Amino acid sequence: MRFEGKLKSWNDERGFGFIESTQGGQEIFVHVKAFRTRTGRPQINQDFSFEIELGPQGKKRAKNIEVVRAVPTQASPRRESPAQWGTATLFALSLFLITFALVAVLWRSPLWFAGVYLVASVIAFLAYASDKSAARRQARRTPESTLHLLALAGGWPGALLAQQFLRHKSIKSDFRSAFWTTVILNTLGFVALCSPLGRPLWAPP
C-alpha cells in the first residue's frame, strides 16, 4: 500500500529526514537509500509517494520512495539558511542581555535570576541534543511541547544556541513560530516580575 506526503525536514550531511503523511499522524523517518531513483537533493515541502515498513526497533520508516511533484527551483531561496538563523540568534540574545542589564539597574533584580536562565538554558541545550540523537537512532523523541516549556521557563537562550550549533529544529515553521512566542512571553514575564508591581509576588516585605 502506498502513501503520499511532504518532506518536512532533511539533513543533507547525514542523508535522512522526516515525511509528513497526508493522512496525518507522526512524521515518518526517511533515509536517502530508500529512494527508488535519485533526481537531485530532496527539498523541503517536496511531495513523495512511499511505502511503509518497520525498522529494527519497530519504528515506521518510508521505503520505495518516488517523487510526486518537484518543488520549483525559485522557491528554495525562501527557506531559512543557517546564516539567517545565526543573525536572529545573535540579535535576540544581544537584545535580551541589554534588557536584563536595564532591568537590573532600574529595579535591582537579584543575580539569582541570571542563575535560573543559565541552568534552564543548559537543560534546554541538552534536551535538544538528546532529541537530535534520538532522531538519528529512530528512538523515542522528546515532545515538542517539552522543548517549548523549557524555553518558556527561561531556557530559550540555550535552545537558540542548540538550534544554531546543532542545526536542530531550525527549519520547521510551526515549531519556530511557537518557539519565538515562548521567547516573547518569557521576556515579558521576566520584566513584569522584576517591576515594582511584580516584585511582591516573589519578594514579600
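Residues are said to be in contact when their heavy atoms lie within 4.5 Å, and the legends below use the word in this sense for a predicted model.

View 1. Of the 205 residues in the chain, 39% are buried. Among contacts between residues at least 6 apart in sequence, 61% join residues that are at least 24 apart. The chain exposes about 12,100 Å², and carbon and sulfur atoms supply 62% of that area.

**View 2. The axes of helix 2 and helix 4.** Two packed helices are described by the angle between their axes and by the distance between those axes. Here the axis of helix 2, which spans residues 112-137, comes within 13 Å of the axis of helix 4, which spans residues 173-194, and the two cross at roughly 165°. Angles over 145 degrees count as roughly antiparallel, and helix 2 and helix 4 are therefore roughly antiparallel to each other. The crossing in which helix 2 passes helix 4 is right-handed.

**View 3. The residues that meet between helix 2 and helix 4.** From helix 2, the residues taking part in the contact are Phe113, Tyr117 and Tyr128, and they meet Phe175, Phe179, Asn186, Phe190 and Cys194 of helix 4.

How values were computed
Residues are numbered from 1 along each chain as its sequence is written. This is a predicted model: local features need pLDDT of at least 70, side-chain atom pairs count only at pLDDT 80 or more; totals for chains, interfaces and linings use all residues. Side-chain values use heavy atoms; hydrogens and water are left out. Axes are lines fitted to C-alpha atoms, for helices over the stretch in contact, and angles run from 0 to 180 degrees between N-to-C directions. Helices (H or I, at least four residues) and strands (E, at least two) are DSSP runs, numbered from the N terminus. Angles under 35 degrees count as roughly parallel, over 145 as roughly antiparallel, 65 to 115 as roughly perpendicular and the rest as oblique. A crossing is left-handed if the near helix is turned anticlockwise from the far one by less than a right angle, and right-handed if clockwise. Buried means under 20% relative accessible area, exposed over 50%, partly exposed in between (1.4 Å probe, protein chains only). Accessible areas come from the Shrake-Rupley method with a 1.4 Å probe; for residues, only the protein chains shown count as cover.
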